Amino acid sequence: MDQPHPFFLFARRNPFFRVDVDDRCQSSDPRVGRIFPSGCTAWLFDNRQNAMLSAGHCVPIFNFAVPEVVQFRVPKSNQDGTVQHPSPSNQYAIDPASVQFRDNGAGDDWAHFGVFSNSTTGLSPFAAAAVA
């Protein structure tokens, strides 16, 4: 069986069976972030300062009243599953006006959006990842 790529956090799942083994691996790639509170994954791409990619099926669950934030350098959750957050310097609000997506199933499931520069550091996520 193929080994998971060391940069991504995921579990192999079979939709017809209960998952008994959590075989996710920890990520340390500074280009990968968590969208909170929706819980999806986002990636920096194309050397653009504030551009992100994610899955299109994530967008319908975005709640911009909260707002949605991309978090980088996310710490592990507590043993009881309580979500932990990175420092404010590693969080970037999604620009709701920039969101473009398709949610049409396999092969046509993508989202592209921008985030605002960090309100604490003034850095874009791309610049912050280069500094790390």
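The link between Cys40 and Cys58 is left-handed, with -100° about the S-S bond. It is a disulfide (a pair of cysteine sulfur atoms within 2.5 Å). Cys40 lies in the loop between β1 (32-36) and β2 (41-44) and Cys58 in the loop between β3 (51-54) and β4 (69-71), so the pair ties together parts that are 18 residues apart in sequence. This is a predicted model, in which local features need pLDDT of at least 70 and side-chain atom pairs count only at pLDDT 80 or more, while totals for chains, interfaces and linings use all residues. Residues are numbered from 1 along each chain as its sequence is written, and side-chain values use heavy atoms, with hydrogens and water left out.

**Overall layout**

- The protein has one helix and seven strands; helices (H or I, at least four residues) and strands (E, at least two) are DSSP runs, numbered from the N terminus.
- Along the sequence, these elements follow the pattern β-β-β-β-β-β-β-α.
- Of the 132 residues in the protein, 30% are buried; buried means under 20% relative accessible area, exposed over 50%, and partly exposed in between (1.4 Å probe, protein chains only).
- Among contacts (heavy atoms within 4.5 Å) with a separation of 6 or more, 50% are between residues 24 or more positions apart.

**The disulfide**

- A disulfide is a covalent bond between the sulfur atoms of two cysteines.
- The structure holds one disulfide, and the sulfur atoms of Cys40 and Cys58 are 2.0 Å apart.
- Cys40 and Cys58 are both buried.

**The nonpolar core**

- A nonpolar core is a set of buried Ala, Val, Leu, Ile, Met, Phe, Trp, Tyr and Cys residues joined through side-chain atoms within 4.5 Å.
- The largest such core has 19 residues, of which Ile35, Met52, Val70, Ile94, Phe113 and Val115 touch the most other members.
- At least two residues of this core come from each of β2, β7 (109-114) and α1 (125-131).
- Not counting residues up to four places away in sequence, Ile94 touches Ile35, Phe62, Phe64, Glu68, Val70, Val99, Phe113, Gly114, Val115 and Phe116.

**The cavity**

- Rolling a probe the size of a water molecule over the atoms shows where empty space is left.
- On a 1 Å grid over the protein atoms alone, a cavity is a set of points where a 1.4 Å probe fits but cannot get out, and its lining residues have an atom within 4 Å of a point.
- Grid points are joined across faces, edges and corners, and a volume is the space filled by probe spheres set on the points.
- The structure holds one cavity of 30 Å³ or more, and about 30 Å³ of space lies in the largest cavity.
- The largest cavity is lined by Pro30, Phe72, Arg73, Asn90, Tyr92, Pro125, Ala128 and Ala129.
- With three residues, α1 gives the most to this lining.
- By type, the lining has six nonpolar residues, one polar and one charged; Ala, Val, Leu, Ile, Met, Phe, Trp, Tyr, Cys and Pro count as nonpolar, Asp, Glu, Lys and Arg as charged, and the others, Gly among them, as polar.

**Backbone exceptions**

- Most residues other than glycine have a negative phi, and most peptide bonds are trans.
- Phe36 and Pro37 are joined by a cis peptide bond with omega about 15°, and Pro37 lies in the loop between β1 and β2.
- Val66 and Pro67 are also joined by a cis peptide bond, with omega about 0°, and Pro67 is in the loop between β3 and β4.
- Arg73 is a residue other than glycine with a positive phi, near 55°.

**The loop between β4 and β5**

- Arg73 is found in the loop between β4 and β5 (91-93), and counts as partly exposed at 39% relative accessibility.
- Arg73 and Ser27 are 46 residues apart in sequence, and their C-alpha atoms are 9.1 Å apart in space.
- Lys76 lies in the loop between β4 and β5 and is exposed, with a relative accessible area of 60%.
- Lys76 is in contact with Gln26 and Gln84, leaving aside its neighbours within four places in sequence.
- Lys76 and Pro86 are ten residues apart in sequence and 9.6 Å apart in space, C-alpha to C-alpha.

Terms used: On a 1 Å grid over the protein atoms alone, a cavity is a set of points where a 1.4 Å probe fits but cannot get out, and a pocket is an open set with protein on both sides within 12 Å along at least five of seven lines; lining residues have an atom within 4 Å of a point.
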